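Here is a short walk through a structure. Keep the sequence and the 3D view at hand as you read.

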There are 2 protein chains.
Amino acid sequence: MYRTHTCGELNASNINTEVTLAGWVQKSRDKGFIVWIDLRDRYGITQLVFDEERTSKNMLEQAQKLGREFVIQVKGSVIERASKNPNIPTGDIEILVTELRVLNKAKLPPFTIEDKTDGGEDLRMKYRYLDIRRNPVKNSLIFRAKVTQEVRNYLSNEGFIEVETPYLIKSTPEGARDFVVPSRMNEGQFYALPQSPQTFKQLLMVGGMDKYFQIVKCFRDEDLRADRQPEFTQIDCEMAFIEQEDILNAFEGLTRHLLKEVNGVEVDKFPRLLYDDAMRLYGNDKPDIRFGMQFGELNQVTQHKDFGVFNSAELVVGIAVPGGNSYSRKDIDKLIDWVKRPQIGALGMVYCRCNDDGTYKSSVDKFYNPDDLAKWAKITRAKAGDLICVLSGETNKVRAQLSALRMELAERLGLRDPKVFAPLWVIDFPLLELDEETGHYHAMHHPFTSPKPGQIELLDSKPGEVKANAYDLVLNGNEIGGGSIRIHDKKTQAIMLKHLGFTEEEAKAQFGFLMDAFEYGAPPHGGLAFGLDRLVAILGGQETIRDFIAFPKNNSGRDVMIDAPAPIDDEQLEELSLKLNLKDA
Amino acid sequence: MYRTHTCGELNASNINTEVTLAGWVQKSRDKGFIVWIDLRDRYGITQLVFDEERTSKNMLEQAQKLGREFVIQVKGSVIERASKNPNIPTGDIEILVTELRVLNKAKLPPFTIEDKTDGGEDLRMKYRYLDIRRNPVKNSLIFRAKVTQEVRNYLSNEGFIEVETPYLIKSTPEGARDFVVPSRMNEGQFYALPQSPQTFKQLLMVGGMDKYFQIVKCFRDEDLRADRQPEFTQIDCEMAFIEQEDILNAFEGLTRHLLKEVNGVEVDKFPRLLYDDAMRLYGNDKPDIRFGMQFGELNQVTQHKDFGVFNSAELVVGIAVPGGNSYSRKDIDKLIDWVKRPQIGALGMVYCRCNDDGTYKSSVDKFYNPDDLAKWAKITRAKAGDLICVLSGETNKVRAQLSALRMELAERLGLRDPKVFAPLWVIDFPLLELDEETGHYHAMHHPFTSPKPGQIELLDSKPGEVKANAYDLVLNGNEIGGGSIRIHDKKTQAIMLKHLGFTEEEAKAQFGFLMDAFEYGAPPHGGLAFGLDRLVAILGGQETIRDFIAFPKNNSGRDVMIDAPAPIDDEQLEELSLKLNLKDA
């Protein structure tokens with residue numbers, strides 16, 4: 001047996017116990033006649049002591065040779081420490097070592113194994129196995145496991161069945177972002193890796209499985225972006241014989257359970273916001289509602305005042321920045337520069353100071369009198385001491401710009417506290433989205449989402465106005481889940497696919513299997529999928545998802561990481577081209 | 001709300017309650033003036049009643065039009081049944097329907113949705129979503145979910161952390177059975193799908209994660225066999241700072257927990273059998289020990305008796321068939337034919353009847369006298385009334401043949417009761433296995449398995465005799481898990497790879513990442529992986545794993561199932577050949 005205890009559990013109650021511990025040398029203090037070593041394992045740190053008098057000289061000399069991250073096993077007795085460390089659970093004791101065994105030596109690690117490390121991200125990714133020894137990463141992985149276990153416990157208690165669906169699925173031509181997988185055993189044939197188990201979970205509903213979930217890897221052959229991985233994990237859920245209300249309640253319950261069990265936070269019933277209102281009030285379909293600063297639309301009170309910029313704008317919209325009147329002229333100029341950066345893209349910004357004495361001072365006083373500005377303040381809910389920032393232009397663009405400004409200012413004002421949780425449902429999403437490049441509409445959620453009752457007739461005349469039975473779950477400005485009530489009859493599915501530009505043959509080739517299934521008694525159904533990576537990061541109070549993934553994909557470490565793609569060699573190339581039937585070509 | 005109750009929960013205590021139910025029409029009995037319908041959902045069956053008097057004539061007529069598998073919603077009140085059905089929980093009541101709504105029609109299903117269906121396997125696979133509606137399949141999937149949840153609960157309580165490892169990993173040239181995945185974003189580069197997360201879990205041990213598990217899909221690009229899927233699920237586990245004994249205890253604990261929680265069976269401490277003994281006593285490294293019929297080696301008592309077949313045989317070995325003396329001469333001839341079938345491959349079979357009066361009668365009485373045969377009986381533990389079956393030939397072949405015969409006879413004798421569970425550890429597997437075709441040794445478990453202490457020196461002289469710290473968990477004649485204590489230092493790993501035929505460069509290219517990690521303080525570690533598909537099937541008392549997989553791969557259904565590989569189309573071919581850089585070739 002390598003150890004009787006872990007390095008996190010011994011305390012004053014164990015004094016005089018003989019113990020065996022094993023772990024890594026975290027650090028060592030050598031005073032010549034005495035050596036203290038911090039021994040670390042997953043559970044904590046225990047101090048070891050070696051000295052000339054109480055242990056042998058030989059043992060002391062061995063201890064002096066131990067380097068950082070050596071793996072050792074020690075036997076000894078628990079004794080009271082002379083100088084206690086109240087900051088760690090084992091701080092009252094130390095181990096007077098009587099036997100020392102080096103289980104494995106270690107080269108000097110390329111970065112320090114400390115909470116605050118000197119290693120940059122590239123180095124940490126290259127030596128991820130060392131990075132995982134650091135508390136922040138180790139605790140993030142443990143945290144993720146706790147979240148998934150709580151998800152499973154909750155959903156299982158609620159009668160959901162976890163069902164595994166295939167990873168090797170039929171490749172569909174439209175899957176532009178599918179990873180494809182040539183099959184050695186079926187020459188010239190390919191599987192695809194699923195972007196989600198969507199059709200399978202719908203088939204499970206047709207199969208009567210009524211409450212399904214799965215924590216499952218999904219795949220998207222896209223370039224790595226800051227927080228986007230080609231493989232990602234979903235909490236995938238589906239229910240039959242339900243209406244939208246049932247789904248919202250079920251997964252609000254799950255989210256509330258997680259906040260309580262994982263974060264110790266109780267939250268009220270989640271507010272619901274129509275998609276149109278989210279766009280109008282926050283310029284964003286995933287608004288962060290930990291703070292106010294709602295948009296106020298000012299078109300009505302800014303027109304016909306000789307200010308051409310506003311007169312010609314599709315939308316004039318402002319927000320009140322709490323306490324913003326304290327900004328200097330220079331601060332405001334910087335803010336204007338900020339919104340004019342190419343990433344934001346505003347042409348300029350009008351502002352209005354709300355003075356403590358109730359007067360207003362704006363950058364457009366030439367066009368607007370105090371009564372006008374008082375209206376601005378009323379609409380944006382600005383109080384004395386605030387600053388009103390106003391942008392104008394094309395509706396979609398100006399909303400995105402003001403949303404970015406709102407988030408930036410909230411960040412600066414410390415209103416985005418990662419320990420505060422403000423969940424929210426955004427509902428009634430549009431069914432279709434216009435691709436501005438091609439001029440075609442495509443499904444905003446996916447082609448299986450049902451339109452609102454009675455709206456299917458609008459598909460021909462006003463496709464952009466058709467609303468869907470689709471909803472997103474938003475937490476602190478992030479979409480953590482999304483779903484819809486699905487189409488469950490062949491006819492509607494066929495109409496939908498037609499409007500998405502599929503010919504009858506294409507529709508049959510790609511979704512015929514599902515549509516056939518709908519003919520054998522498909523129940524009404526719908527579901528939701530959570531993005532686990534992001535959910536875990538937000539619950540864990542972090543912006544980045546990487547620390548919550550044991551081995552994230554990473555551009556810089558590509559050539560060394562074992563999870564990077566490798567160049568194909570001649571033999572593989574030969575075999576693959578055979579499979580592709582390219583040898584005959 | 002689609003339903004107030006499920007179809008499995010209403011009973012006499014609900015009489016006079018107004019309820020809403022939804023589900024599928026299981027069957028309908030139409031007496032003209034009255035119609036009974038069995039309404040089915042995941043939870044059970046509830047009888048609906050429509051009649052002229054108590055419901056409207058219109059409603060009755062609607063009910064008469066309902067076909068099998070129609071999806072309907074009904075409102076009505078719970079009433080006592082005239083003729084009760086004690087076989088189902090809802091058998092005391094029925095629903096007097098006041099409102100009926102057809103949620104979806106259904107075509108006539110291609111096979112009956114009954115426990116015993118008239119559908120063959122091909123048809124059931126093609127319409128798997130209908131097959132899942134049947135109790136045996138539905139219950140198998142629910143059973144699987146229960147097993148996995150119990151695995152997670154047990155391991156989490158024991159301090160194991162579930163960590164997700166990557167699915168898109170670096171392709172290694174030796175991975176002859178790897179699925180490869182071209183990456184669109186990294187032209188000319190390929191990922192591979194993991195055959196197991198082996199190296200990742202070892203890196204997690206180097207990372208200090210000390211108790212890891214994961215229920216994870218693994219992939220093998222091999223032809224479909226009866227019970228082998230190209231994608232399969234593993235319960236993958238690893239521990240650090242442990243010895244073999246710790247691992248055996250940990251996973252014996254898990255298995256015992258499953259048998260208790262899932263099957264309600266308590267089992268004793270698992271017996272342990274040396275690999276060599278398993279081969280000697282059962283001719284098999286995964287013996288079914290629900291019954292005896294151990295092998296008795298007869299070389300010593302059969303030599304030098306002028307029977308050339310036995311004299312020249314490397315091994316002469318027999319089993320006692322309980323009560324086998326009752327077999328007629330014809331039965332025995334059939335048995336001899338059975339062992340001579342090409343699948344078994346024996347050249348013949350010698351037998352000896354153990355008569356009730358204590359005398360013997362063998363097929364080789366010419367060569368062996370009663371005293372000789374009494375020795376056979378003693379060695380094979382044959383009792384009066386038994387039949388001794390003896391095979392001879394080359395050791396490995398004859399053991400396999402007699403093992404097959406032992407299993408076949410036990411099956412016929414009803415000794416393989418799926419409700420009896422006999423787990424067993426087989427330990428001390430050989431490190432290397434001789435590939436008879438190439439004459440080369442390869443790793444029996446995998447190249448990361450450590451040899452027994454002190455045996456590494458034998459690698460040069462007697463490679464076939466080196467034993468490994470490797471073990472299998474066997475249940476009812478099936479390997480349900482296997483694992484080993486791993487090598488955790490670079491030097492030993494390099495020696496091992498050299499003996500497996502890797503050059504230094506190849507070893508570095510393929511396993512350099514792991515060996516480098518071993519230099520930064522790798523702890524002693526080891527683990528085990530369970531084959532979940534088989535484990536679930538055995539616990540569920542079934543031979544076949546297919547019913548426990550929601551969407552199994554299936555040769556016959558290939559062209560219709562959405563999880564089948566699809567022929568690649570021209571556009572994909574074009575894109576892939578670009579990726580492969582074949583366009584320049």
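Chain A is assigned domain 1 (12–104) and domain 2 (291–416), with bounds from an automatic or database domain assignment. The C-alpha centres of these two domains of chain A lie 62 Å apart.

This is a predicted model: local features need pLDDT of at least 70, side-chain atom pairs count only at pLDDT 80 or more, and totals for chains, interfaces and linings use all residues. Residues are numbered from 1 along each chain as its sequence is written, chains are lettered from A and ligands numbered from 1 in the order written, and side-chain values use heavy atoms, without hydrogens and water.

Turn to the annotation. An unreviewed UniProt entry lists a "binding site" that includes D221(A) and G531(A). Such annotations may be inferred rather than shown by experiment; feature names are shortened and positions follow the numbering used here. D221(A) sits in the loop between β10 (211–219) and β11 (231–240) of chain A. Helices (H or I, at least four residues) and strands (E, at least two) are DSSP runs, numbered from the N terminus. D221(A) is buried, at 2% relative accessibility. Buried means under 20% relative accessible area, exposed over 50%, partly exposed in between (1.4 Å probe, protein chains only). G531(A) is partly exposed, at 27%.

Now the charges. Over all chains, 86 salt bridges are found (a side-chain nitrogen of Lys or Arg within 4 Å of a carboxyl oxygen of Asp or Glu). E164(A) pairs with R144(B) in a salt bridge, closest N and O atoms 2.9 Å apart. E164(A) lies in a loop of chain A and R144(B) in helix α4 (residues 135–157) of chain B, so the pair joins two chains.
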